[in-house]
Amino acid sequence: MRDFYQPKRSPIYAANGALATSHPLATQAGLEVLKRGGNAVDAGVTAAAVLAVVEPAMTAIGGDGFALISKPGEPLYGLNASGRAPAALSTEMLLGQGWSAMDDASAHCVTVPGVVKGWESLLASHGTIGLEEALQPAIHAADDGFVVYPRVWADWRDCVSKLAKQGKGGQHYLQDGAAPNMGSIHKLPALAETLRLIAREGAKGFYEGAVAADIVAELKARGGVITEEDMAGMTADVCRPVTSGYRGFDLAELPPNGVGITAQIILNLLEQFDVKDLDPHGVDRFHLEMEAARIGYAIRDAHIGDPATMGLAAEALIDKAWAKGLSASIDPAKRNNDLPSADPNFQSDTIYLSVVDRDGMAVSLINSIFKGFGSGIVTEKTGITLQNRGAGFRVESGHPNTIEGGKRPLHTIIPAMVMQGGKAKYCFGVMGGQYQPVGHAHVISNMVDYGMDPQEALESPRVFWSPDDVLEIEPTLGQGLSDGLAAKGHPVSWTKGPLGGGQIIEIDHENGVLIAGSDPRKDGCAMGY
């Protein structure tokens, strides 16, 4: 139980259904769906569509998505709705043009957007409504306008120069060359019309016809090679989740091209240490977490990409015996300076939501456009912000994640589910670009090792590393932790901003109650009934 003298919040308790998102308008929209009889998928897609309007720096219909669904009595269901590189694009082409790394503002970084196909697929396989109904709250928000919340404004403000440089994005998302004011009402009429078209025609209205032609024309004008055939060929693919145990619980993640197995590798390493006996906010706990993470990310960078070109299977990378051997390289007393640093593609922007309905269906859903406002490229006519997920590729012949036409890039966004005794226990996710696998390990350890409830687990302070391999510490952890990590050999600094976000719903099967938390690093909230 939390300390009531501390200025924090309690988790939400609900008996019939619960939803946690990063924005109150999305939580409200999804909860209304649950209360009028819709299920968790109906509510999740409705809320995600609202987020694609009201959190424009984080997500858009020009982005990608993944989902995990737990339905009582059925196997876990996974969906990969991430897009592929255009067929005409290749490493050879980019090397010939003098590229050595992906340019995240280039049209070549825009992969085929997958999220609309993903939403339609989820509703068709598990929902009770269609896109026409699910998109109505998002259409309303875009048409009539939405109030700009504080965290949304801060993220928006940080992307003004990108939107201005890319040109047409400013037409839809800037006012007199600046972000709209916090607390002001912003309207997106072009996006509203696009959403209406998708509501009428389904995903076909996005991937074929005028909308697809507008996307292709916008990218072609910037040197891109994506075609209408690339757009029409987009598929959302069912995939089998990968599961790995941690102290009596089973963490389920989606397989590559996502990096969920990185969280499993980190937990496999932490399982070799008596973490529960350490101060949850202390030096020794964060030292072990960061050392395990540095190993996990080195494995990620060497091996993870499109599964069709990976040299090792996901199951081999999460092997417990291998992890036990790797854990010997972790010295509780000092930093191992021989480990490689993390991938320099550090920041990305994402939304995550968790929803559980009265029948026990749990949906873990994540959507993203990668960097803030994605590529910064926004279509003039249709108002669609286009992702830059292709920045996750490498321009490096022979690497499993090298860019080639038709391939999916390494993806940082990872929904998750924790199972116990064959039943969903925690439906959760943590946002924050490259931080996400560490975030999964951190909140799971918070709950499993330290007995925190979902809200406490999310509020708990965080540590990660910057692209120059310096540990960035959230200021609430204090100078003592910074000094202690430095004494173990870690370069340290304070974070320039909060590390990610997150949502968790715990399912208490014994009492028939849902316990939901929402990360205070975002504007959102958990609600239930």
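Predicted model: local features only at pLDDT ≥ 70, side-chain atom pairs only at ≥ 80, totals over all residues.

From α6, the residues Gln 136, Ala 138, Ile 139, Ala 142 and Asp 143 meet a set from α10, made up of Pro 189, Ala 192, Leu 195, Arg 196 and Ala 199. The two axes sit 8 Å apart, and the packing angle is about 160 degrees. Angles over 145 degrees count as roughly antiparallel, so that's what α6 and α10 are to each other. As for handedness, α6 passes α10 in a left-handed crossing.

Next up is the sheet. It's open, with seven strands in the order β1-β18-β17-β13-β12-β9-β8, and the pairing is antiparallel. At the edges you'll find β1 (12-14) and β8 (242-246), each pairing on one side only. Ignoring direction, neighbouring strands are turned by 20 degrees against each other on average. Zoom in on β8 and β9: five bridges join these antiparallel strands, and Gly 245 has Asp 250 in β9 as its bridge partner.

What lies across β8, β9, β12, β13 and β17? That's helix α18, running at about 135 degrees to β13.

Here are the residue ranges for that helix and some of the strands under discussion:

| Element | Residues |
|---|---|
| α18 | 436-448 |
| β12 | 416-420 |
| β13 | 423-431 |
| β17 | 501-508 |

Finally, take α1 (residues 24-35): its 12 residues reach 16 Å from first C-alpha to last, close to the 16 Å expected. Its buried residues include Pro 24, Leu 31 and Val 33. Just after α1, Gly 37 takes a positive phi of about 110 degrees.

Technical notes: Residues numbered from 1 in each chain as written. Heavy atoms only, no water. Pairing = 2+ DSSP bridges. Helix = DSSP H or I, 4+ residues; strand = E, 2+ residues; numbered from the N terminus. Axes fitted to C-alpha atoms, helices over the stretch in contact; angles between N-to-C directions. Contact = heavy atoms within 4.5 Å. Expected span 1.5 Å × (residues − 1). Buried < 20%, exposed > 50% of the residue type's maximum accessible area, 1.4 Å probe, protein only. Parallel < 35°, antiparallel > 145°, perpendicular 65-115°, else oblique. Left-handed = near helix turned anticlockwise from the far one by under 90°.
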